[in-house]
Amino acid sequence: MNKAPLDGIRVADFCWAWAGPYGALQLAHLGAEVIRIESTTRMCPSRLIPPWADNIQQGYNRSGYFNQYNQGKRSLTLNLKTEEGLNLAKKLVGKSDIVIENFAAGIMDKMGLGYEVLRAIKPDIIMAALSGYGATGPESSYVSYGPPQVALSGMASLTGYDDGIPRQAGFSYGDPNGGVHGAYAIMCALLHRAKTGAGQYIDLSQREACAMLLPEGIMDYVMNKTQPPCNGNRDPYMAPHGVFRCKGDDRWVSLAARDDDEWRRLCTVMGKPALASDPQFATLVARKENEDALEAEVTAWTHERSAEEATQQLQQAGIPSYPSLDGRDLLANPQAEARGFFVEFEHPEVGTRRHLGIPWHMSHTPCEVRRPAPMLGEATEYVLEQIIGLTHEEVAVLREKNVLV
């Protein structure tokens, strides 16, 4: 059987919160051994936030958020505020191929773990720094999380409704997007190292990675000095185009009529074929000019049926449509189920839970989620004894000195 793409690659993971852990998650999916360096002296915030298993008891190992984004990794507890802890971190880097972190720029240097220090230990080390705004520039020292990057990248100026007020987009796009860009850059650096033997420092700005999602809006201004307006779920080239309320509690269906022919078929499905030739709606230009009235006609139809029923009728007529899924819907979705997207592992504290797995399949280099997210510090002895080479007695002494907390 073929090996995973990153089989034999080890990652020293100093990340916390979401962006960095999400990038390291991709490396774990690809077969790397990812070792999280954690400490109870400054706990990763993702171990401290809900949803908690069974919604009744908090705990470092019970966060659904943490357990989703740290699948397949190991956990080493190490107090980096002690000289011994810092030295052990350096020894782990000496046994690793990749270092990944997502602190504000300069923090790793202050901790004594900057790139030049680590390169002296392991000359071909690849270090990826996923800071909010990059390692240089007047805002480089700012601390950042994903939500403000939606505004600071320009994304919020494009989201929202036609009242013109910028709106937050999704939960925290900047985080996972920065992580994926970081993982991609690391893969490129690994290819470079394989050809040249040289490592490198990757300086990634999460905000710039987020701005990369907005070519239409930014290039509209570059080419025309025009700022695109907020227009909700509407589209400049299709009408109707949006998400429409259906029967039930907060149930919705998305649909789009891409041309006049699909509009005519939609009118037939709605039982109002005469609407197709109504001067208000006969052409795309007319439908865009009367879009509020157009959407009221569509909503009058969708509101009388379930999202699933509406979807079935629309798809049978060749009109793009699908229910708007919530988390419960997605976890039971037959398409995702058929592709083996979900993974379930027995976890020591929360039992067997369904998680989102790997969203890609590779025909020659299989990827898999190898284990559930790690219990805090569960691999400390493994890392110190089998990778770094300490004796069991030496590890015990370090525990007594609170180096491994």
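**Figure 1. A salt-bridge network around Arg234.** Arg234, Lys288, Glu291, Asp292 and Glu295 are linked in a network of salt bridges, a salt bridge being a side-chain nitrogen of Lys or Arg within 4 Å of a carboxyl oxygen of Asp or Glu. The model is predicted: local features need pLDDT of at least 70 and side-chain atom pairs pLDDT 80 or more, whereas totals for chains, interfaces and linings use all residues. Residues are numbered from 1 along each chain as its sequence is written, and side-chain values use heavy atoms, with hydrogens and water left out. Helices (H or I, at least four residues) and strands (E, at least two) are DSSP runs numbered from the N terminus. A further salt bridge, at 3.0 Å from N to O, is formed by the side chains of Arg234 and Glu295. Here too distant parts of the chain are linked: Arg234 in the loop between helix 9 and strand 7 is 61 residues apart from Glu295 in helix 12.

**Figure 2. The salt bridge between Glu33 and Arg74.** The side chains of Glu33 and Arg74 meet at 3.1 Å, N to O. Glu33 lies in strand 2 and Arg74 in strand 3 (residues 74–77), so that this pair, 41 residues apart, links distant parts of the chain. With a relative accessible area of 16%, Glu33 is buried. The number of salt bridges counted by the rule comes to 29.

**Figure 3. The largest pocket.** A volume of about 650 Å³ is assigned to the largest pocket. Its lining holds 29 residues, of which Trp16, Arg42, Phe103, Ile107 and Met111 are the closest to the pocket centre. On a 1 Å grid over the protein atoms alone, a pocket is an open set of points with protein on both sides within 12 Å along at least five of seven lines, a cavity is a set where a 1.4 Å probe fits but cannot get out, and lining residues have an atom within 4 Å of a point. Strand 2 (residues 33–38) gives the most to the lining of the largest pocket, namely three residues. By residue class, this lining comprises 17 nonpolar, seven polar and five charged residues. Ala, Val, Leu, Ile, Met, Phe, Trp, Tyr, Cys and Pro count as nonpolar, Asp, Glu, Lys and Arg as charged, and the others, Gly among them, as polar.

**Figure 4. The second largest pocket.** The second largest pocket contains about 520 Å³ of space. Leu158, Glu216, Pro228, Pro229 and Asn231 are the closest to its centre among the 17 residues of the lining. In this lining, 10 residues are nonpolar, four are polar and three are charged. Volumes are the space filled by probe spheres set on the grid points, which are joined across faces, edges and corners.

**Figure 5. The largest cavity.** One cavity of 30 Å³ or more is counted in the model, and the volume of the largest cavity is about 40 Å³. Its lining is made up of Asn67, Phe345, His347, Val350, Gly351, Arg353, His355, Pro372 and Ala373. Two or more of the lining residues come from each of strand 10 (342–347) and strand 11 (351–356). Strand 11 gives the most to the lining of this cavity, with three residues. The lining of the largest cavity divides into four nonpolar, four polar and one charged.

**Figure 6. The chain as context for the close-up views.** The protein chain has a secondary structure of 17 helices and 11 strands. Along the principal axes, its C-alpha atoms fill a box of roughly 85 × 50 × 40 Å. The chain has 405 residues, and 46% of them count as buried.

Technical notes
Buried means under 20% relative accessible area, exposed over 50%, partly exposed in between (1.4 Å probe, protein chains only).
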